[in-house]
Amino acid sequence: MSDSESVQNAEDAVEEKLQTFIDAVADSESYQEFIEVNKQLESDPKAMELLDEYRQKQQQMQQGFDQELMAELQEIQTELSENKTIQQHREAQSALVELLQETNDVISEPIGMEFAQSSGGGCC
């Protein structure tokens, strides 16, 4: 077996194991819960309206600080924190992020570098 065949076999094995990993994440309770609550969020008009309003106010704040706008933003934040659908989404998202961080840590340790770290862009 040539060196290039050996490298290709190793790369094929990585691709196969990567697909197994992807399937395992997709089958995980954390991911499935996130998908379910994401659907619930998208079908909740009040929650979506609150999120849209919050994003709009944030964009307005980036254009310039305004005390009245800040008060409106804080009021919307309170409504967001009291909305059950949004809270369930945040909790599910946090659980999924935690799972992905743990997998990143497990992969990073043996290779001696941060696995999910951005390399800072490409060549082009």
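Before anything else, a reminder to myself: a patch here is made of residues with over 30% relative accessible area and no salt bridge, and like charges are joined within 9 Å. I am also keeping in mind that this is a predicted model.

**Entry 1: charged surface.** I looked for a negative patch and found one formed by Glu98, Glu102, Asp105, Glu109 and Glu114. I then checked where Glu98 sits, and it is in helix α5, which covers residues 84-111.

**Entry 2: nonpolar surface.** Which residues make the nonpolar patch of about 240 Å²? I noted down Leu18, Phe21 and Ile22. Leu18 belongs to helix α1, residues 3-27. Its relative accessible area is 40%, so I list Leu18 as partly exposed.

**Entry 3: Thr85.** Back to helix α5, where Thr85 lies. Is Thr85 buried or exposed? Thr85 counts as buried because its relative accessibility is 16%, and the cut-off for buried is under 20%. Setting aside residues up to four places away in sequence, I see Thr85 touching Gln40, Leu41, Asp44 and Ala47.

**Entry 4: His89.** Helix α5 also holds His89. With 12% relative accessibility, His89 goes into my buried column too. I looked up what His89 contacts beyond its neighbours within four places in sequence, and wrote down Phe34, Val37, Asn38 and Leu41.

**Entry 5: a distance.** How many Å separate His89 and Glu15, C-alpha to C-alpha? I get 31 Å in space, for a pair 74 residues apart in sequence.

Methods: Residues are numbered from 1 along each chain as its sequence is written. This is a predicted model: local features need pLDDT of at least 70, side-chain atom pairs count only at pLDDT 80 or more; totals for chains, interfaces and linings use all residues. Side-chain values use heavy atoms; hydrogens and water are left out. Patches are made of residues with over 30% relative accessible area and no salt bridge: like charges are joined within 9 Å, nonpolar side chains (Val, Leu, Ile, Met, Phe, Trp, Tyr) within 5 Å. Accessible areas come from the Shrake-Rupley method with a 1.4 Å probe; for residues, only the protein chains shown count as cover. A salt bridge is a side-chain nitrogen of Lys or Arg within 4 Å of a carboxyl oxygen of Asp or Glu. Lys and Arg count as positive and Asp and Glu as negative; His and the chain ends are not counted. The place of a charge is taken as NZ of Lys, CZ of Arg, CG of Asp or CD of Glu. Helices (H or I, at least four residues) and strands (E, at least two) are DSSP runs, numbered from the N terminus. Buried means under 20% relative accessible area, exposed over 50%, partly exposed in between (1.4 Å probe, protein chains only). Contact means heavy atoms within 4.5 Å.
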